[in-house]
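The model and its sequence are shown below.

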Amino acid sequence: MAGYSGFDDWFDMPGGDDFVDVTELFVAGARDMEPEEVLLMDGFTLMDAMSAFEIGEPRLDSGMILEEQRRPAFDPLTPLLPEEVCWILDRSFACEMEWHAGKTLSQSVFTLLFVHHLPDINPEYLAPEEDGDPTRPQWLITIVIRAAMLGLLKCCDLAWRELSKNRVHDVEDWQGEKCDVSLLEGVNAEVISRILDTACDWLRQSDLPRDQVVALCDRLLLRKTIMQLFRTNPLTNLDELRIDTAAGLGLLYRIRTPQQRPLPPDSPALLAMDLYIARRLPNFMPIRVTELPPQEESWNALEAFLEYWQEVSRLVTSPSLLKWEAAGTLRFALSRSVAPPFHRSLIQSLFSDKNQVLGMHPPIWLIEQFFQETIGISYSTILRALERSAPQTQLASMQDVVERRITKVMVPHIRSNWLNPPRRRRHLMKEVVQWHQLYDVLLKDVQDHRPPDASTARILSAIPQAAQLWRLSASREIIFSGFQQELYAPEEKPIAYWYLARLLDVHIGCIEDLLPAIPRDTPAYRELAFQAEHLAALQVIFTTLVALTAEYITSPWHRISLNFLRRYKWLFNPDFDGLVPAEPIPDLLAFPDALKEFLLDELYSPAQSFQLAQDILTRLSESSHDWLGHWAVDRTEYLCNLAKACDRLKRVAPESLQELPNFNLAALKWIPDVHPWLPTVAS
């Protein structure tokens with residue numbers, strides 16, 4: 001079926017009056033062959049021959065057809081009832097969502113056999129139907145199903161084009177192998193849109209009951225709407241994107257509201273799905289046969305898929321680094337499911353593509369927003385301060401460093417929020433040293449300037465701190481991701497919390513140094529003022545957790561040191577050599593003494609510390625975060641989740657460190673779905 005080109009193929013098949021049975025000839029030839037000798041014809045490999053034998057591994061037994069897997073031959077023109085056509089169209093959406101969830105096309109879309117028989121159901125190639133069953137008209141297949149299949153394949157083609165831009169990674173995030181099956185790459189989407197409209201017109205003019213006409217038209221219109229969404233450029237057609245998203249969600253609600261009755265076991269529509277189609281398609285890797293999920297689960301996936309276009313529209317209308325950063329990081333902090341690969345690729349492309357930011361801004365806009373939103377000082381003000389204090393001609397070199405290095409690190413950083421979690425973690429590990437290199441360059445260049453007044457001096461001192469803030473945030477996200485991805489062994493957790501507390505101490509100090517120099521009426525000031533309190537609450541939590549989890553450390557110190565060097569190798573990158581020290585220094589030797597001194601503090605109360613953190617977080621959750629726009633709601637939810645985690649922990653935490661030997665460490669459980677990096681309490 002793959003590579004089917006039309007009826008001419010039938011003329012190449014053996015048969016007719018000159019056909020000769022050569023079975024005996026092959027048997028006689030085999031007698032003259034030596035043991036282990038193999039003769040292979042062109043196009044038939046040893047792998048093909050081996051696939052015909054069952055060896056016990058489903059992914060490799062792709063060519064072995066067991067008796068229970070045998071089924072009647074599929075006839076694409078078998079008459080179908082309208083409800084059977086509805087079922088096939090519903091399954092087409094399920095197949096599409098499975099592909100977007102990471103399955104191969106041969107495990108999802110290509111299991112729908114109609115996509116391989118489009119020439120067979122083309123009405124232009126078929127004689128008009130005579131004396132057909134009026135309840136099962138042939139045009140339900142040749143007009144309605146064919147239009148839906150064309151739309152399905154074109155949607156896959158449009159998605160494939162975005163996915164193949166290498167923003168997300170083939171095999172890792174999505175599966176791009178087409179198995180030599182056409183996705184209608186050469187067919188204009190507008191043509192298919194008209195075919196879908198024509199199918200709806202046929203239905204409306206038919207004698208089918210009205211409820212069946214509405215059900216079928218809704219499914220065709222949903223397919224058309226999804227195809228239009230794939231075609232729409234959010235940067236230039238935002239209103240159209242929003243209208244189509246709302247229309248798609250409305251159609252989906254109407255489709256899934258009536259309870260769909262299951263098909264009878266003898267329905268011919270069931271033969272339209274072949275989960276073993278991969279054995280008949282060329283694949284470069286063995287494919288495991290998988291079942292499609294229940295239809296209700298597929299509708300939920302499609303609803304989430306459509307809703308993410310709303311997130312795309314919100315991002316496009318938010319030209320702010322703070323908002324894009326909040327949108328990306330809060331999804332991880334709230335343990336939300338990773339967005340579909342298509343949307344993650346689309347968002348990365350929308351942020352920066354072809355040397356433009358958000359489709360309209362030159363790279364200099366990125367530098368202006370970086371300083372304005374990080375330290376509340378405009379780039380023009382910074383350039384004037386540098387000019388007033390620069391010895392000789394250092395201004396040009398400073399501009400060149402700022403514009404090249406910030407663009408080089410900021411664009412991948414924002415994009416990294418829409419990478420898959422392990423790849424995002426690896427990217428941040430590489431990025432930390434880039435931020436520190438920028439900080440080093442800015443610091444040394446600023447030190448060469450001679451500010452004429454105190455105001456200029458405050459501006460100059462704030463410039464390198466902007467890079468420092470982003471480095472510290474990235475470092476924190478790396479350690480958080482270790483908890484989210486369940487990478488830490490039990491004895492690594494107290495050390496992770498200890499280094500987090502030290503990291504936050506430096507971060508808070510950096511913010512406190514910056515705040516006096518930042519205008520109070522700027523979003524940067526409000527964000528940093530929030531972060532100062534937020535990070536202080538986190539520091540209290542992590543410091544207390546170091547004491548509660550210290551008993552996990554049972555291995556010899558040499559083994560712990562080796563584990564630390566391996567886990568935090570990103571902090572020991574040779575590229576840090578020759579730069580100013582990156583605080584906090586990852587000095588594990590300081591941990592035992594710091595822990596011993598901390599545990600001797602008779603006045604420290606773990607339960608009261610969690611209460612203090614909860615009070616801070618609750619107060620922050622009740623404050624306004626309007627500078628984040630739509631994502632203020634997500635931040636409030638994040639703060640409430642933190643406060644709830646503190647409430648759970650304070651209930652089991654000892655009142656003082658003297659009671660620590662009686663603390664039941666087994667009561668703490670790390671469950672990322674409950675909280676991404678704080679323990680919960682076992683019931």
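## Cavities and buried parts

The second largest cavity is lined by Tyr488, Glu491, Glu492, Ile495, Ile560, Asn563, Phe564, Arg567 and Tyr568. The model is a predicted one. This second largest cavity holds about 70 Å³ of space. Helix 18, residues 557-567, supplies the largest share of its lining, with four residues. Sorted by class, the lining of the second largest cavity contains five nonpolar residues, one polar residue and three charged residues.

In the whole structure, the search finds four cavities of 30 Å³ or more. The largest cavity has a volume of about 550 Å³. It is lined by 28 residues, and those closest to its centre are Glu325, Ser473, Arg476, Glu527 and Gln531. Several helices each give two or more residues to the lining of the largest cavity: helix 9 (321-333), helix 11 (363-375), helix 15 (454-484), helix 16 (493-514), helix 17 (523-549) and helix 21 (632-652). Helix 9 contributes the most to this lining, with seven residues. By class, the lining of the largest cavity divides into 15 nonpolar, seven polar and six charged residues.

| Cavity | Volume | Lining by class |
|---|---|---|
| Largest cavity | about 550 Å³ | 15 nonpolar, seven polar, six charged |
| Second largest cavity | about 70 Å³ | five nonpolar, one polar, three charged |

Helix 10 is a separate topic. This helix spans residues 341-351 and is mostly covered, with eleven of its eleven residues buried. Its buried residues include the charged residue Arg344. Also on the list of buried residues in helix 10 are Pro341, Phe342, His343, Ser345, Leu346, Ile347, Gln348, Ser349, Leu350 and Phe351.

How many disulfides does a search of the whole structure find? The search finds zero. Cys200 is in no disulfide, and the nearest cysteine sulfur, that of Cys217, is 4.3 Å away. Cys646 counts as buried because its relative accessibility is 0%, and the cut-off for buried is under 20%.

How values were computed: Residues are numbered from 1 along each chain as its sequence is written. This is a predicted model: local features need pLDDT of at least 70, side-chain atom pairs count only at pLDDT 80 or more; totals for chains, interfaces and linings use all residues. Side-chain values use heavy atoms; hydrogens and water are left out. On a 1 Å grid over the protein atoms alone, a cavity is a set of points where a 1.4 Å probe fits but cannot get out, and a pocket is an open set with protein on both sides within 12 Å along at least five of seven lines; lining residues have an atom within 4 Å of a point. Grid points are joined across faces, edges and corners, and a volume is the space filled by probe spheres set on the points. Buried means under 20% relative accessible area, exposed over 50%, partly exposed in between (1.4 Å probe, protein chains only). A disulfide is a pair of cysteine sulfur atoms within 2.5 Å.
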